[in-house]
Amino acid sequence: MMPRGMLHLPKPVSAGIILSYKCSSTCKHCMYACSPKWRADWPTERSIELILRKLASSIKPSPKGCENVSLNHGLHFTGGEPFLNFQLLLKAVMIADELRIPSIFVETNCFWCVDDEQVREKFTALKQAGLKGILVSVNPFILEQVPFERTQRAIKIGREIFGGNTMIYQETYYHRFKSLRISDTLTLDQYLERDAWALRFSELLPMGRACYRLKHFFAKYPAKAFFDESCISELTRSWHVHVDNYFNYVAGYCGGISLGDARDLDALTSGVDLQDKPVLNSLVESLGRLYEFAVREFNYREREEGYVSKCHLCVDIRRHIVEQTDEFKELQPRELYFNLE
Ligand code: SF4
Ligand code: SF4
């Protein structure tokens, strides 16, 4: 039994490596507040190897087997946009393959897919390095900056090279865009004029930048509506965790919260000490506890227009704190909080 004041983290069974928060796009729904404005702090090959060695023994393959991929199994490389540093991505895949990590895939927004031959060459090189599949992001937020022809090119050539291991997230949008004969880019408003109900049929998580840039699509609630909620299950889940380029171990989609240094994964999975992490400690208990702490210690004021989700209340409080102090080691990377809007 874990002593009081410690958070028990299971060993991760599936994980993503955030190679950098730098992206070619600034999507309105981005959970990690990525954008071209971030510093390109790519990790060294040595650091990637160090992290992958830590993860290798616990990562589980796709239910369809090691040579196949699925969204919440195996290991993926992500960002930001990993193809902004193709050579590093290639090397990272080689290292993961040498370590026999199963079901490796890479996620892309396809901004770079301007030419068939170049896409074929890159996918072939990645496959030869040990990559098992790709995940192509398709949604109206990426469509604002990436022409749909590039997405279609990635999917067509991805299927030639990776066959059924070409995942599309979200498929609904891919089919809608095709049936609407969309070409080039469209602003979100232009797209919604042509497909007014689209957002109702898709997954849109009210986290990260979406809490600010897409708040008009959600109902809003006062802070107290979320006070009784705890985040212990999100913070301790074993699947689809992330390790970023600064070695932060990030639970699932909780961008900006570091559970600790992933180089010391063995220590983390023996228990995260909450005594010196008051923000994390509050979140384990309840959102109400976090709110009280922020009001008492940092003069946080409730937003009059309300909050779209508990994650909105959480990230708004965290941003307020980060703007005033750098004393909380669990609030990393700090730059994320300055790229939310
Ligand atoms: S959602 Fe993906 S493509 Fe869009 S800004 Fe974030 S990382 Fe980049
Ligand atoms: S409220 Fe905060 S800690 Fe909880 S799931 Fe949302 S982002 Fe993560």
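Which residue in β7 is the bridge partner of Ile17?

**View 1. Ile17 and its partner across two strands of the predicted model.** The bridge partner of Ile17 is Val243 in β7. Strand β2, at residues 14-18, runs parallel to strand β7, at residues 241-243, and the two are joined by 3 bridges. Strands are DSSP runs of E with at least two residues, helices are runs of H or I with at least four, and both are numbered from the N terminus.

View 2. Strands of a sheet pair through backbone hydrogen bonds, either parallel or antiparallel.

**View 3. The packing of the chain.** The chain has 13 helices and 9 strands, and buried residues (under 20% relative accessible area, 1.4 Å probe, protein chains only) make up 57% of its 341 residues. Among contacts (heavy atoms within 4.5 Å) with a separation of 6 or more, residues 24 or more positions apart account for 74%.

**Notes.** Residues are numbered from 1 along each chain as its sequence is written, while chains are lettered from A and ligands numbered from 1 in the order in which they are written. The model is predicted, with local features needing pLDDT of at least 70, side-chain atom pairs counting only at pLDDT 80 or more, and totals for chains, interfaces and linings using all residues, and side-chain values use heavy atoms, leaving out hydrogens and water.

Key: Pairing = 2+ DSSP bridges. Buried < 20%, exposed > 50% of the residue type's maximum accessible area, 1.4 Å probe, protein only.
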